[in-house]
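Subject: The structure you asked about

Hi,

Here is the structure, ready for you to open alongside this email. My notes on what turned up in it follow below.

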Amino acid sequence: MDERKTILSGIQPSGDLTLGSYMGAMKNWVELCNDYNCFYCIVDMHAITVRQNPAELRKRTLAQLAQYIASGLDPEKNTIFIQSHVSAHAELNWVLACYTMFGELSRMTQFKDKSAKNADNINAGLFTYPALMAADILLYQADLVPVGIDQKQHVELTRDIANRFNGVYGDVFTVPEPFIPKVGAKIMSLTTPENKMSKSDKDPGGCIYLMQKPEEIMRSFKRAVTDSETCVKYDPDNKKGISNLMTIYSLAAGKTYEEIENEFVGKGYGDFKVAVGEAVVEMLRPIREEAERLLKDKAYLEKVYRDGAARASYVANKTLRKVYKKVGFVQK
């Protein structure tokens, strides 16, 4: 029996994976598999709360799978799967929606943000998707959920739902804890460093993508917003742009903030931005090349997602059967 704690996380295939996705999530995932029992999904069901082009969604889902593997996620050591391939997610979602309060969903900041951006499509799924997210986590009895700071609210709601259900029916769900990495939990936009780097960013220059060409990456870093000073110093309150670039450089080059400050004493921001861009290009090069190779091997990708769905379904269905029995459904 596996005594390791269980981790679950996932990213929506609603756009191309960004440097923020990699540094804030995937880079950390790779290091967890030796110490934890890890489930990583591509959450395509969450993606359709916003209208998607079906062909593009399929293409991005497979591209994301290839990028997961190219980033170092070994399908033999981690359970990697596509959310819609495990029907228990949709089934548990309905049960948990009946144990999630309207007021709780109304307070979710992401619902408010996405409603503002998609005013012509404020659908029920956009409102209730935290119940699906709770199902994603609780199906696997996850102990820890690696999340960015902006997603912590959803894990807290999942804990409330789990405790509410356990309070009625006994010890059914493991109550998860958020797992926030100390460095790189939130990579900001290069053009508006007050905002998180996001694949939905209207300004393409603010975002770096895993599959982007080196010359495009360099161009974006050279145009990155800084400030009117000239010293490279970590000060996230007063020097947001430079501090964000320092975080990126620290993770890409494996240097501390103090080492970076010393490296650029007497040098201008131009030199610094080029150094950050070059470090990122070299970090992403092997990922891009391996992902491109994997995308040509459709049979291998199909085997990975089918094997992953089978392993995930085995665990998820055990939880679902327990839940169905507790709420009073007749066994099939």
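Contact here means heavy atoms within 4.5 Å. Please also keep in mind that this is a predicted model.

With that wording settled, let me start with Ala-291, which sits in helix 12. Not counting residues up to four places away in sequence, Ala-291 touches Ala-66, Gln-67, Ala-70 and Met-211. Ala-291 has a relative accessible area of 0%, so it counts as buried.

In soluble globular proteins, nonpolar side chains tend to be buried together. Here the largest nonpolar core has 60 residues, and the members that touch the most others are Leu-19, Tyr-68, Phe-221, Phe-272, Val-280 and Leu-284. Which helix gives the largest share of this core? That is helix 12, residues 269-295, with 12 residues. Apart from this core lies another one, of 38 residues, including Leu-105, Ala-134, Val-172 and Phe-173.

Once its neighbours within four places in sequence are left aside, Leu-284 is in contact with Leu-19, Tyr-22, Ile-208, Tyr-209, Leu-210 and Ile-217.

Next, the helix pairs. Two packed helices are described by the angle between their axes and the distance between the axes.

Helix 1 and helix 12: the axis of helix 1 (residues 19-30) comes within 12 Å of the axis of helix 12, and the two cross at roughly 75°. The two helices are therefore roughly perpendicular to each other. On the helix 1 side, Leu-19, Tyr-22, Met-23 and Lys-27 take part, and they meet Val-280, Met-283, Leu-284 and Ile-287 in helix 12. Sorted by class, this contact has 7 nonpolar residues, no polar ones and 1 charged residue.

Helix 10 and helix 12: the axis of helix 10 (residues 240-253) comes within 9 Å of that of helix 12, with a crossing of roughly 40°. Helix 10 is therefore oblique to helix 12, and their crossing is left-handed. From helix 10, the contact draws on Ile-242, Leu-245, Met-246, Ile-248, Tyr-249, Leu-251, Ala-252 and Ala-253. Helix 12 answers with Tyr-269, Phe-272, Lys-273, Ala-275, Val-276, Ala-279, Val-280 and Met-283. By class, there are 15 nonpolar, no polar and 1 charged residues in this contact.

Helix 6 and helix 7: helix 6 (residues 109-117) packs on helix 7 (residues 124-138) at an angle of about 160°, and their axes are 10 Å apart. So helix 6 is roughly antiparallel to helix 7, and it passes helix 7 in a right-handed crossing. Gln-110, Phe-111, Lys-114 and Ser-115 of helix 6 make the contact with Leu-126, Phe-127 and Tyr-129 of helix 7. The class count here is 4 nonpolar, 2 polar and 1 charged residues.

A few single residues are also worth a look on your screen.

Phe-165 lies in helix 8, residues 152-169. Is Phe-165 buried or exposed? At 0% relative accessibility, Phe-165 counts as buried. Setting aside neighbours within four places in sequence, Phe-165 is in contact with Val-95, Tyr-99, Gly-170, Val-172, Phe-173, Val-323 and Val-327. Phe-165 and Val-327 are 162 residues apart along the chain, while their C-alpha atoms are separated by 9.7 Å.

Gln-12 has its place in the loop between strand 1 (6-11) and helix 1. Its relative accessible area is 16%, so Gln-12 is buried. Beyond its neighbours within four places in sequence, Gln-12 is in contact with Val-43, His-46, Ala-47, Gln-64, Lys-114 and Lys-199.

Gln-141 is in the loop between helix 7 and strand 4 (144-146). Most residues other than glycine have a negative phi. Gln-141, although not a glycine, has a positive phi of about 50°. With a relative accessibility of 22%, Gln-141 counts as partly exposed.

Asp-203 lies in the loop between strand 5 (177-179) and helix 9 (214-222). Asp-203 is partly exposed, with a relative accessible area of 32%. From Asp-203 to Met-26, the C-alpha to C-alpha distance is 23 Å, and they are 177 residues apart in sequence.

Methods:
Residues numbered from 1 in each chain as written. Predicted model: local features only at pLDDT ≥ 70, side-chain atom pairs only at ≥ 80, totals over all residues. Heavy atoms only, no water. Core = buried A, V, L, I, M, F, W, Y, C linked by side-chain atoms within 4.5 Å. Buried < 20%, exposed > 50% of the residue type's maximum accessible area, 1.4 Å probe, protein only. Helix = DSSP H or I, 4+ residues; strand = E, 2+ residues; numbered from the N terminus. Axes fitted to C-alpha atoms, helices over the stretch in contact; angles between N-to-C directions. Parallel < 35°, antiparallel > 145°, perpendicular 65-115°, else oblique. Nonpolar A, V, L, I, M, F, W, Y, C, P; charged D, E, K, R; others polar. Left-handed = near helix turned anticlockwise from the far one by under 90°.
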